[in-house]
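Have the coordinates open as you read.

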Amino acid sequence: MAKKKSSILMNTLVLFVVTFIAVLALAVVNQVTKEPIAQAEINARAEVYKVVYPGAENFEEIENSESLIEGSAEVLSGAGYDGCFVNDALAVTDASGNIQGYVIAATSPSGYGGDLQAAVGITKDGKITGYSIVSHSETAGLGSKCAEPDFTNQFADKAAATLEVTKSGATEDNQIDAVSGATISSNAATEAANAAIIFFQDSFGGGIKETVEPYTIDSAEETADGYKIVVSTTKGFAGKIQIEIGIDKNATISSFKVLESNETQGYGAVCTEENYAKQFIGLKADAITAVDSGANPANNEVDAIAGATFTTRAVDIAVNGAVMYYQENYGGGLSDSLKEKAANTDDTDIVAGASVQKGA
């Protein structure tokens, strides 16, 4: 019996020693192979991204990248890009390991076919080196053209600042020509690029910068009956919308007219119709809010345009921009309601400031 117990103890000891050695060996192997495996994973991702950062020598993980990416949805939502998020981010380094720039992949949920993911290369001093669509579900022959060079090549060499889509030909450095017949896809592709740019600014560029003014006061004049203010915004679904607002001596909106718009017929183009314009007449020259339905003029509300969120938002920006200009220049200063609107995160681009060009 004693011999049997001794044998069991010996076998247990042998098993323990073998297990210990095996675990130690695995730990050593894991330590030896961990870095090469990680680098191999980076290299695999880099193969996809090389096209957006021509001439990149090396790609490396970014310190704290996981936490930065995890927080990207909240950062982007705060910047007005709800539903967008960052998928990946790598540093581009030279032979000495010095960071030269970044490659950032981001997703927009606003594609015609759903999520659209794009990769953007950005130098550390804020210049776009390239752009590519990583994945999309856009319509073949239409929206899918946003993945072709005629569209993607437009992004290279632009400043890493907010970009916008235009249907009438890019005339500004921050503009991207839409794919003909595929405005939704073009907007989503550009939104994904903007999400990557915002992430770059927030994480590596010293903070988010709004470089595109939300509206411009084109002209402002005093008339016999009050004031006439012409304001433009490029935040429309199809780009620029220009509006003329009349405000009488009683600080009431007396006229509303859309002077320029390329919005979609049957949707955003409703902003040019008389029944839509009538909503603004008689409202106070104060903060105006668009609601989904059942607008109450007593609360300075107008009905949003059904199915045209971008157009509704653009008109909101332009009208409140004109009202803010009126209050600051003719009305004795901003009202509490406009100050409150300015403090509301969701409306920061409505009253964030504008370049003003006074004229007759």
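Leaving aside neighbours within four places in sequence, Thr 166 is in contact with Gln 175, Ile 176, Asp 177, Ala 178 and Ala 238. Keep in mind throughout that this is a predicted model. Thr 166 belongs to strand β6, which covers residues 164–166. Is this threonine buried or exposed? Its relative accessibility is 5%, and because buried means under 20%, Thr 166 counts as buried.

Not counting residues up to four places away in sequence, Phe 151 touches Tyr 131, Lys 145, Cys 146, Ile 176, Asp 177, Val 179, Ser 186, Ala 189 and Thr 190.

Helix α5 runs over residues 183–204. At 1.5 Å a residue, its 22 residues should span 32 Å, and the end C-alpha atoms are 31 Å apart, which agrees. Of those 22 residues, 19 are buried, so α5 is largely enclosed by the rest of the structure.

Helix α7 (residues 309–329) passes the same kind of check: its 21 residues should span 30 Å at 1.5 Å a residue, and its end C-alpha atoms are 30 Å apart. α7 is mostly covered too, with 16 of its 21 residues buried.

**Strands and hairpins**

Now for the sheets. In one group, β4 pairs with β3 and also with β5. In another, strand β9 (residues 226–236) pairs with strand β8 (residues 216–222) and with strand β10 (residues 239–248). The table collects these antiparallel pairs.

| Strand pair | Bridges | Residues between the strands |
|---|---|---|
| β3 and β4 | nine | two |
| β4 and β5 | six | four |
| β8 and β9 | six | three |
| β9 and β10 | nine | two |

Each pair in the table forms a hairpin. Val 103 has Gly 121 in β4 as its bridge partner, and Gln 117 stands opposite Ser 135 in β5. In the turn between β4 and β5, Gly 126 has a positive phi of about 90°.

Thr 216 stands opposite Ser 232 in β9, while Val 231 has Ile 243 in β10 as its bridge partner.

How many residues of β4 are buried? Eight of its 10 residues are, so strand β4 counts as mostly covered. Strand β9 is mostly covered as well, with nine of its 11 residues buried.

Definitions and conventions
Residues are numbered from 1 along each chain as its sequence is written. This is a predicted model: local features need pLDDT of at least 70, side-chain atom pairs count only at pLDDT 80 or more; totals for chains, interfaces and linings use all residues. Side-chain values use heavy atoms; hydrogens and water are left out. The expected span of a helix is 1.5 Å times one less than its number of residues. Buried means under 20% relative accessible area, exposed over 50%, partly exposed in between (1.4 Å probe, protein chains only). Contact means heavy atoms within 4.5 Å. Two strands pair if DSSP finds at least two bridges between them.
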